[in-house]
Structure formats: structure tokens, C-alpha cells
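Hi everyone, thanks for coming.

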Amino acid sequence: MNTRGCLGISYMKPSCSILTLGRSSSIFGCPLLKHGRCIKYNLPKSQLKLYCLMETNCCPDKNVLGFRSVIDSHRRVFCGSGSNSGRPRVSSANGVKKTNFFTSVIANVASNTRNHSDSVESRVNENSFEKIYIQGGFNVKPLVIKKIEEGQDLLGKDEEKKKEHKFKVNEDLKNANIDQLSKSEVSESTLGGDVSEVEKEAWKLLRGAVVNYCGNPVGTIAATDHPADNQPLNYDQVFIRDFVPSALAFLLNGEGEIVNNFLLHTLQLQSWEKTVDCYSPGQGLMPASFKVRTLPLDGQDGEFEDVLDPDFGESAIGRVAPVDSGLWWIILLRAYGKITGDYTLQERVDVQTGIKLILNLCLTAGFDMFPTLLVTDGSCMIDRRMGIHGHPLEIQALFYSALRCSREMLTVNDSTKNLVVAINNRLSALSFHMREYYWVDMNKINEIYRYKTEEYSAEATNKFNIYPDQIPSWLSDWIPDTGGYFIGNLQPAHMDFRFFTLGNLWSVISSLSTSEQSEGIMNLVEEKWDDLVAQMPLKICYPALEHEEWRIITGGDPKNTPWSYHNGGSWPTLLWQFTLACIKMGRTELARKAVKLAEKRLLVDDWPEYYDTKHARFVGKQARLKQTWTIAGYLTSTILLDNPELASLLFWEEDYEVLENCVCGLKNEPRNCSRFAARSRTPV
């Protein structure tokens, strides 16, 4: 059975559909007709009843159990033309009037058309990932739709779960429809306390970036300010990576609906057919982004439908698959449960299957000798050619975090126990590899400086045959005596000594680094503040590629010129991750210093995407203004600083189970392992 396709839940004006790609798409195992609609006459009797139930209940004049509506006048509504003050205006031949009811359909199905099985067939005498096979059959839970009366408390059950948290959101705002609030009210945080003018403006812009799909919020577009030539490129799309700080800002502010919708809709997109030049990547690949398009319904004047149109890299510059999208999705899924206290989402069959499909891509054995993920250039936040192909730090830190999240969220049973073992083994090997071979400080650099080369031995000291002349001239004078960091990349005969901020910060947040290494990273940032922060936090990498090195590695990229964009540019969105790392390490004063520095310019400069020059004095030459993740990064940072107890929901402490499962224990002779050393330093 061909299972490539996805279900569009449609109702009258506007209708909701998903742009079906590929001639072999299907729904409930049956081929779709043209445009992916009018499918009920193709369904067998056993499945027609479910479809009719959906068709009967998915109409705008009925209330359906769901989250509160959070549509307001600031939002960009993708529901076609004829909008009034940001609200969709729907023409109807039947004269259906706009009501205050809202509709949210939550389908308790296994990602609709995928029909995945949870069965896992393990390999005999092998610790690598076991195959997950996709099996046919309609063995999923039916769609459950419950009517409610107007005024019924929609969040009563969820509130009981949230009482355990230390913060309390404003219940009046939480249970109200934001359509009924004034502009001043929707601009303020519901966590209480004084809200500055900068924060009010930030909230206004963040809400204005919200994208709606069939009347429900599903994400935020990358930027709301488009250039005069009216060429938004892909800045009018919802990126998984970019939405994470927006999601955290909403979650920390007590607004979970948009994040719930985002997670479920992107999960649906995971199953779609993805083809570039007649080749399809793995089924678990998450899209880099998606766009909500509004298309007219054929033969029905005045009616239209919302359509989700994803990009899996087939339209991206360079045609690179977004490796980090699935990792960020898993991390956000965990954050949703931790902050809201609602763990039912991650327990759903389709969500559990989605996690396993992502892990399938990441854990499948290949030719690589290392536990790190092998990726191409441009497969993460640095999405252009910057010499990070191989095993870049950013991907490894996110991979480690996603593995820890997955182990927390996976339902352990006979079909997943082998997968959990595979996760534990990979966590153990990955943490040792990163701590042992990626970490550099003054002592390690001196050791590399004295390396012997061409060592042919299992006990070689210079295992990767690194040539001492690779140590750049700037490094010996730059690295402080009391600090250190994880290098950007490691491959045979190659070490990338550049400091990559996101990878190092996320190593601290996820405890990929030991407590001592985490302290070293924070010491280095404080010591090299003028280089890594300067007039705007934070440098995406340091130093920039210049002169002949820039021409060779980037190919002469005019956007990645020295100290611009991804080549040493300063990105304010990194502020929230820096704040989280600072709170974890007890260095809150550094985060407050960075936030105050950012506040001086972000509002005045209209929230740019990035800054140029060595000390971040200029707004980036091609930077978009009103960049959403710049805005959300600032808001998330301020909320965390005002409520530092919430940060513990988003970071990880040392994993002692990984310490116990150290791969070094497989050797006959004991050796000095950084994990055991870290544990011995931890007070009991």
C-alpha cells in the first residue's frame, strides 16, 4: 500500500487542505482525486463512516473541543483576500454568519495517511539502531470530536496539571478570546510585573507575525518587513528552527494553542512525498519551513481553502535537507510538555511514531566510524557554504539534546525497548567523543602543538592525524588561561578551531559538556566579551573567514563576506540561548548585561535579523527588519530573567545513566574518561 500523502480536514468557508504533492498520494490507503478533495466516494464502507463524521462536524457554526482561540487584530491572516482589519471575511452562498464560536479539530489519529506501526525489528547482536518498518492497515485511533456549549471551560483539565508549576499566568487573559482584548492588553506579558515599552512593542510585533491555518494559529513567519522590491523570498514562511523562540515566548506566557497546532501540523507534513531530481530522502525528514497558501475552490465562486505548502529543501538555496528541523521539533515537543504540564500530546500514537521516524534517520548505521552525525554544508542555522560540512558542533549538540528528549518521551514497551537501548548507547558514545576530542583549552592546544603524526596504532595519541601546523596563529593569543570551548568540527586530518556560539551554548544547556567544561565556556565568553558580544549579542562564529580563506571556503559568497551574516555576523536571536545557559551556570549577571545591551538598539534599529562588522556596529547589509526570531529571542530572554525558576524546565543536568553506561567500560583495560572524572567531582 502506498502511504505517501496527508489528510486535509476540510469545512465550509474557509476549508482546510494540504497541498498534495506527487501522483501517488493517498488518504486512508485510497488514491486521492484531483486537487486532493472529494475523497469520500473513493473510500470503502469501513472508512466512509469516519470521513462522514469529520465532514458533519467540521463546520464553522459548531463548537468543537479544543484550545482557546488566540486570533487578534495584529495577526497576519492567510485566509485569502477580502480581509477586514486582519480578520478573514468569508463569502457564503448560504449566508452563514460570523459567530464568536471557534473550531479546532484535534485528530487522535496516527498522522492520518502514514498508518505506521510501532513494531521494531532489532538486529541480532548489534547495538546500532533497529529498523522501523512501515506497515499497512488502518490500525489507528478514530477521530474524536466532542461538542461543547458556549462558555464551557475548555482548559479545566489542563489547569490541574499546571498547578505544580511555580508560576501563575493571568487566568482572565488565558481563558479569553484575544479578539476581545484591546491592543494594549495583547502587547503585554501575562506573567505579571512591569512591562517596558520595548517589551510591549515586541509582543505587538510577535503577535503580528502569527500565521493562521483555517482560523487557527500555526506558527510565525520569519519576518514581517519585506523590501521595497516586494521579494520576500522565503521570509514569509514558517520555519521550524525560527519558530522555536517564538514558541517558547508563547509557552512561557501561558499560550499553548499555537505551539500545539504547530507541532501537529508539522508532524503531518513529515509523511509527505519529498523528491529532488527523482530521488526521495528518508521518510522521517521534517520540512525546513511551510507556507499557508489560499486557493479558490474550483467551480465555487466566493469560496476558498487554506493549503499547507512545505519546503523540505527542494526549493532552498543549495537544495540542502534541513537536518536540524527534526531535532528542533523533538526539543520543542519536550518543552511543550514541561511548561504546560500537558503530556498527552507526546503520548499520542502519531507523535510517538513521528519521534521514531526522526530517530530512524539519525541512528541508522552507515559507513561512519564516529557517533557524530555526518551532514553536508548548510544543513543547520548556518545554511550557506561556510566550511561546516562533516560533523559540525551545532548538529551534534542538537542531536544529543534530541536523544535525551526522546528517551524521556518515548513510551517504553516491547516494541520500543530496543530503540531505548540504541539511544542510550549512542548518548554514551557521543558524549565521550565530544568531551574527549572536540574540547580545547590552553593545555589541549599545547598537546596538539606537540602531536606526532602518521601514528598507525590502536593506541595512537593523535587518533585523527591532526597536523600541528593546523593550529591558527590567532588562537594561541586568543584563548584565555581559564576558559575553553568545543571546536566547530572534527574530521580526519582536520580540526575547525572557530568558536561557534550556538553549538557551545547548547552544549552547556544540554549538559553535553561536563560541569567543568561548561564553566570554561562561560569564562571564555566573559573574557572575550568584546569579540563575541561587543555592541550586540552574539557572534554566530569567531573569527570570520577573510581574504583567500574566505574565497576558497565560501566560494566568494557575496552574502557571507567577512564579519557579515553567517561569517562572523552578530545574531540577536542567540540571546535566549545565552540567557538559558547563563541561568543554568549561575551567571545571570552576564545575561542581564547582554539583554540591556540589546535593548539599546533593537527597537531603534527595527529588530534586524543580524548585524555586521567586527563589533556589530552596522545593521546587516541584507538583514530583514522586524525579524521574528530576533523579537522572540529578546522576549524569551526577558521572561526567563524575570522568572529564572522556569529555566530549569528547558535545560538538562548531567545524565548519570549515561555515565554508568560509558563505552570505555567495554575495554579490557581501564582508561581515564571525562565522564567518570565529571561524576567523581560531583558532590554526593
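Let me start with how helix packing is described here: axes are lines fitted to C-alpha atoms, for helices over the stretch in contact, and angles run from 0 to 180 degrees between N-to-C directions. Helices (H or I, at least four residues) and strands (E, at least two) are DSSP runs, numbered from the N terminus.

Now, two sentences on where this comes from. This is a predicted model, in which local features need pLDDT of at least 70 and side-chain atom pairs count only at pLDDT 80 or more, while totals for chains, interfaces and linings use all residues. Residues are numbered from 1 along each chain as its sequence is written, and side-chain values use heavy atoms, with hydrogens and water left out.

First, the overall picture. The protein has 23 helices and 16 strands. Of its 684 residues, 60% are buried, where buried means under 20% relative accessible area, exposed over 50%, and partly exposed in between (1.4 Å probe, protein chains only). Contact means heavy atoms within 4.5 Å. Taking contacts between residues at least 6 apart in sequence, 71% join residues at least 24 apart.

On to helix pairs. How far apart are the axes of α11 and α12? The answer is 10 Å, and the two helices pack at an angle of about 145 degrees. Their crossing is left-handed, meaning that the near helix is turned anticlockwise from the far one by less than a right angle; clockwise would be right-handed. On the α11 side, the residues that meet α12 include Leu393, Phe399, Tyr400 and Leu403, and among their partners in α12 are Val420, Ile423, Leu427 and Met434. The residues of this contact divide into nine nonpolar, four polar and three charged. For those classes, Ala, Val, Leu, Ile, Met, Phe, Trp, Tyr, Cys and Pro count as nonpolar, Asp, Glu, Lys and Arg as charged, and the others, Gly among them, as polar.

A second pair is α20 (residues 588-602) with α21 (residues 628-642), whose axes come within 11 Å and cross at roughly 140 degrees. The two are therefore oblique to each other: angles under 35 degrees count as roughly parallel, over 145 as roughly antiparallel, 65 to 115 as roughly perpendicular and the rest as oblique. This crossing, too, is left-handed. Ala591, Val595 and Leu602 are among the α20 residues in the contact, and Tyr634 and Leu641 are among those of α21. By class, the contact has five nonpolar, four polar and two charged residues.

Next stop: helix α15, residues 501-510. Here 10 of the 10 residues are buried, so the helix is largely enclosed by the rest of the structure. What do these buried residues pack against? Their neighbours are the helices α8, α11, α16 and α19 and the strands β12 and β13.

Most residues other than glycine have a negative phi, and most peptide bonds are trans. Serine 511 has a positive phi near 60 degrees, and at 4% relative accessibility it counts as buried. Histidine 547, in helix α18, has a positive phi of about 55 degrees, but at 61% relative accessibility this residue counts as exposed.

There are cis peptide bonds to show you as well. One joins proline 537 and leucine 538, with omega about -5 degrees, and leucine 538 lies in the loop between α17 and β14. Another runs from tyrosine 542 to proline 543, with omega near -5 degrees.

Finally, the aromatic rings. Rings of Phe, Tyr and Trp (its six-membered ring) pair if their centres lie within 6.5 Å; planes under 30 degrees apart count as stacked, over 60 as edge-to-face and the rest as tilted. By this rule there are 22 aromatic pairs. Tryptophan 529 and phenylalanine 578 form a tilted one, 6.3 Å centre to centre with 55 degrees between the planes. Tryptophan 529 lies in α17 and phenylalanine 578 in α19, so the pair ties together parts that are 49 residues apart in sequence. Both of these residues are buried. For tyrosine 565 and tyrosine 610, the centres are 5.1 Å apart and the planes at 65 degrees, so that pair is edge-to-face. These two tyrosines are buried as well. Ring pairs also link Trp474, Trp478, Tyr485, Phe499, Tyr542 and Trp563 into a cluster.
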